[in-house]
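User: I'd like to learn how to read a few features off a structure. Could you walk me through some?

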Amino acid sequence: MTDSRLAALLQQHFSIDALERAPAPLRHALRLLRDWLGASRARPYPSTPLAELAALFGAPALPADGMSVEAFLDQLDATVLANTAQLNHPKYIGHMTQALPWISVVAEALTAALNQNLVKIETAYAATLIEKQVLGWLHRQVYRGGDALYAEAMAAPNIALGNMVGGGTMGNLTALAVALEHQLPGYRKDGLLAALQRSGHRGLAVIGSARSHYSLKKALATLGLGENALRVVPVGRDNRIDLAALEVEIAALKAAGVKLVAVVGIAGATETGSIDPLAQLAAVARREGAWFHVDAAWGGALLLAEQFRPLYDGIELADSVVLDGHKLLWVPMPQSMVLFRDSASLNLLKHNANYILRDNSGDLGQTSLEGSRRFDALKLWTSFKVLGVSGYRTLLEQAATLTGQMRALLREQADFELVTDSDTFILTYRYVPQRLRRRMAQLLADGLLEAAAALNRQLNALNSELQTRQKERGHSFVSRTVLESTAYPGQTTVLRVVLTNMTTTEEHLREILAEQAGIGEGLLEQMGL
């Protein structure tokens with residue numbers, strides 16, 4: 001590369017002075033951001049078929065030469081933004097990712113600009129303290145420790161109340177890694193086989209309900225226990241773990257000589273929003289000498305508002321808790337954390353090196369499964385500073401109001417049926433014309449289960465196709481899932497909404513249901529129902 005080419009690159013892409021003299025590209029980028037955050041596009045979901053869209057990204061070779069920033073931004077707008085789900089559109093209510101406050105996007109930009117690596121203090125000076133502070137703030141919401149605990153944790157280089165992690169999956173993996181070393185000492189250094197042979201147990205298991213997140217199986221596979229080590233316990237109609245079935249599973253494990261490593265409670269199931277009876281699960285775990293982990297990735301943020309605290313009775317007894325900031329704390333992805341009741345727990349994962357992570361150094365990487373990590377704590381720190389607990393309480397209360405409005409709309413419309421309810425802003429329902437609902441009720445009352453199951457399969461197909469067509473139209477978006485815990489025989493396909501979009505109003509909800517009803521009426525004729 002010639003000196004002139006290097007100078008041109010530095011001038012165009014590294015020089016802030018040059019950008020100030022010719023700010024058009026920056027202004028262009030800010031316009032794109034403004035339009036995106038303002039949900040300026042009419043449709044929340046892209047309507048271009050994926051196979052057709054793939055042709056735009058089919059170039060097999062890397063670009064040989066660069067293009068101007070302005071030309072790139074035009075291409076970005078036409079290809080990427082035009083074909084991306086607009087999560088902050090008021091009619092996007094299908095998943096947990098959020099419409100964002102603009103300050104959190106600024107914090108994300110600062111995170112990138114600062115480019116800190118949280119593995120060690122030498123590359124994350126003030127950032128280390130901010131991460132410890134945010135972990136302390138959330139730990140206090142969960143465990144309600146005293147001032148002395150958090151003052152000591154902030155000052156001491158060898159105390160870790162938790163880890164910031166790149167998503168709830170990594171949080172669950174970290175928690176179960178600690179649980180396994182706690183329950184099977186020596187596993188980390190000697191390996192699973194040696195530690196298991198020393199223990200005298202024939203196997204290891206973790207128990208969770210049928211609403212457990214799939215990341216638990218991924219974590220157990222990664223740790224060497226295998227996906228089948230997760231023993232899935234049925235749920236009741238309320239989608240909470242069946243405590244009687246739990247006792248049956250525990251008895252079966254004991255009879256087989258299998259050690260129960262951990263009991264997992266869910267505080268906000270991803271499919272239904274349900275919360276397990278955490279206090280009862282804590283008592284079972286304590287009785288069995290098992291680790292008690294709570295997956296509160298979705299619902300844990302509700303602990304910021306005191307009126308929701310009773311829903312989480314017993315969470316303070318958990319040995320570990322996972323909580324996602326990129327869900328109900330309204331910050332950009334990824335932002336998650338895993339917290340531990342005992343500040344010594346993470347020492348079970350402690351590792352050191354000569355050039356970094358020196359013992360007693362205060363480097364956060366000493367107790368993290370991840371190495372290089374972004375300064376993601378800045379996003380939460382910014383939001384807490386700007387919004388405060390009172391601001392978050394207001395947002396959570398609005399989500400509760402919106403959920404109540406949707407619940408009421410579903411109950412007042414004859415052709416929709418509310419299937420599952422929750423206190424954490426997730427509802428499932430399905431389109432069922434009143435005459436078909438009456439037919440289903442009669443079949444069940446008469447004990448004609450095969451006929452009822454056949455009708456349920458038709459309703460499943462109806463709702464699945466309805467959601468697909470609604471998505472293809474792109475005017476609004478809800479998701480769907482399949483539940484086994486309903487009043488109907490067999491699996492039940494349901495529509496699923498997550499009511500935390502702060503730009504959504506009751507009128508938007510009415511319009512979404514009206515669109516679904518229109519699609520459903522057309523499908524009834526096509527399907528001969």
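User: Let's begin with charges. Which residue forms a salt bridge with R469, and how far apart are the closest N and O atoms?

Analyst: Keep in mind that this is a predicted model. The general idea is to look for a side-chain nitrogen of Lys or Arg within 4 Å of a carboxyl oxygen of Asp or Glu. Here R469 pairs with E465, and their closest N and O atoms are 2.8 Å apart. Both sit in helix α17 (residues 449-473), and because they are 4 residues apart, about one helical turn separates them.

User: Are R469 and E465 buried or partly exposed?

Analyst: R469 is partly exposed, with a relative accessible area of 28%. E465 also counts as partly exposed, at 29% relative accessibility.

User: What about a salt bridge between distant parts of the chain? Where do R374 and E108 lie?

Analyst: The side chains of R374 and E108 meet in a salt bridge at 2.7 Å, N to O. R374 is in the loop between β7 and α15 (377-412), while E108 belongs to helix α6, 266 residues apart. R374 is partly exposed, its relative accessible area being 32%.

User: And R373, which residue does its side chain meet?

Analyst: R373 makes a salt bridge with E131, at 2.9 Å from N to O. R373 is in that loop between β7 and α15 and E131 is in helix α7 (residues 125-143), so this pair ties together parts 242 residues apart in sequence. Both R373 and E131 are buried. Across the whole structure, the search finds 26 salt bridges.

User: Now strands. Which residues of β10 are on the covered face, and which on the uncovered one?

Analyst: In a regular strand, side chains alternate between the two faces of the sheet. In strand β10 (residues 479-483), S479, T481 and L483 make the covered face, with R480 and V482 on the uncovered one. β10 pairs antiparallel with strand β11 (residues 492-498) over 5 bridges, and L483 stands opposite T492 in β11.

User: How many strands does the open sheet have, and in what order?

Analyst: Read across it and you get 7 strands, β1-β7-β6-β5-β4-β2-β3, with mixed pairing. The edges are β1 (162-165) and β3 (230-233), each pairing on one side only. β1 runs antiparallel to β7 (residues 336-340), with 4 bridges joining them; N163 has V338 in β7 as its bridge partner.

User: Last one: which residues make the nonpolar surface patch?

Analyst: L37, W102, V106, L110 and L114 make a patch of about 470 Å². Helix α6 (residues 102-114) gives the most to this patch, with 4 residues. V106 is found in that helix and counts as partly exposed, at 35% relative accessibility.

Technical notes
Residues numbered from 1 in each chain as written. Predicted model: local features only at pLDDT ≥ 70, side-chain atom pairs only at ≥ 80, totals over all residues. Heavy atoms only, no water. Patch = residues over 30% accessible without salt bridge, like charges linked within 9 Å, V, L, I, M, F, W, Y side chains within 5 Å. Areas by Shrake-Rupley, 256 points an atom, 1.4 Å probe, with all protein chains shown as cover. Helix = DSSP H or I, 4+ residues; strand = E, 2+ residues; numbered from the N terminus. Buried < 20%, exposed > 50% of the residue type's maximum accessible area, 1.4 Å probe, protein only. Pairing = 2+ DSSP bridges.
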